[in-house]
Amino acid sequence: MRQPLVIANWKMHGKSAFNEALVTDFLAKLMAGRAECVLCPPSVYLGQIAGLLDSSDVMLGAQDCSHIDEGAYTGEVSAEMLRDCGCTWVIVGHSERRQYHQESDALLAAKLAMAQRAGLTPVLCVGETQEQREAGEAEQVVRAQLLGALDDLSDYRHLAIAYEPVWAIGTGLTASPEQAQAMHEFIRDVMRELDARSAESLRLLYGGSVKPGNASELFAQADIDGALVGGASLDAEAFAAIVSAA
Ligand SMILES: O=C[C@H](O)COP(=O)(O)O
């Protein structure tokens, strides 16, 4: 039995006063339930959010980490620094980083290893574009992303994977529960090839316009173990409802 996991990816949103109101309101609305929950604010606010989450079960995560441990790399934030700030999770390979920062599968493999070495659980994001889906290449693309980033990983237990079809991110378009389940099932099959035992306990999250109105249907699918939520995680009531639905 996999424990549901719901992760908020604030992306590049938030300011101190907004963050405090959002987290305070979210914690007040959050009902005790089965799901684990993680907030991933922009890295400059990790200290602030760590303080606000201090007496709650909600965990802290980062949106990215460096593939290097330390040194003269201006602007980079290491996995160890994130751990030092209270993070236990880190998102790796979000499609916005693949697209705007040209992050390759090889780079992501190095980030995953670095994250685990620092004691963080990475969430690897994969997903196809609209064109790739229309060309019938969705499974091939996702398989290549998984193998490219995960082939050399030695620990498949401290890991989660988020399937985020690029065409569903921030667009209001959501993969149907059947489309999402089909891809999640495919991902679990690929993971069985890499490590048969941990594939059964590996949590697979869906991301792409998850809202209170579609969360329950998505979470009802056999291989969907939670969500990576962007826009709706900036609304305390909506995000608390999604966590409750898990
Ligand atoms: O990381 C989150 C995903 O990119 C989904 O974003 P969204 O919920 O705004 O579509």
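Axes here are lines fitted to C-alpha atoms, for helices over the stretch in contact, and angles run from 0 to 180 degrees between N-to-C directions. The structure is a predicted model, in which local features need pLDDT of at least 70 and side-chain atom pairs count only at pLDDT 80 or more, while totals for chains, interfaces and linings use all residues. Residues are numbered from 1 along each chain as its sequence is written.

**Helix 7 and helix 8**

- The axes of helix 7 (residues 138-150) and helix 8 (residues 177-194) come within 10 Å and cross at roughly 35 degrees, where helices are DSSP runs of H or I with at least four residues, strands are runs of E with at least two, and both are numbered from the N terminus.
- Residues Ala138, Glu139, Val142, Arg143, Leu146 and Leu150 of helix 7 meet Met183, Phe186, Ile187, Val190 and Leu194 of helix 8, a contact being two C-beta atoms, placed from the backbone, within 7 Å.
- Sorted by class, this contact has nine nonpolar, no polar and two charged residues, with Ala, Val, Leu, Ile, Met, Phe, Trp, Tyr, Cys and Pro counted as nonpolar, Asp, Glu, Lys and Arg as charged, and the others, Gly among them, as polar.

**Two residues with positive phi**

- Most residues other than glycine have a negative phi.
- Lys11, although not a glycine, has a positive phi of about 55 degrees, and Lys11 is found in the loop between strand 1 (5-9) and helix 1 (16-29).
- Lys11 counts as partly exposed because it has 19 C-beta neighbours inside 10 Å, given that 20 or more other C-beta atoms within 10 Å make a residue buried, 12 or fewer exposed, and numbers in between partly exposed, with C-beta atoms placed from the backbone.
- Gln102, also not a glycine, has a positive phi of about 50 degrees and lies in the loop between helix 4 (95-100) and helix 5 (105-117).
- Gln102 is exposed, because 8 other C-beta atoms are within 10 Å.
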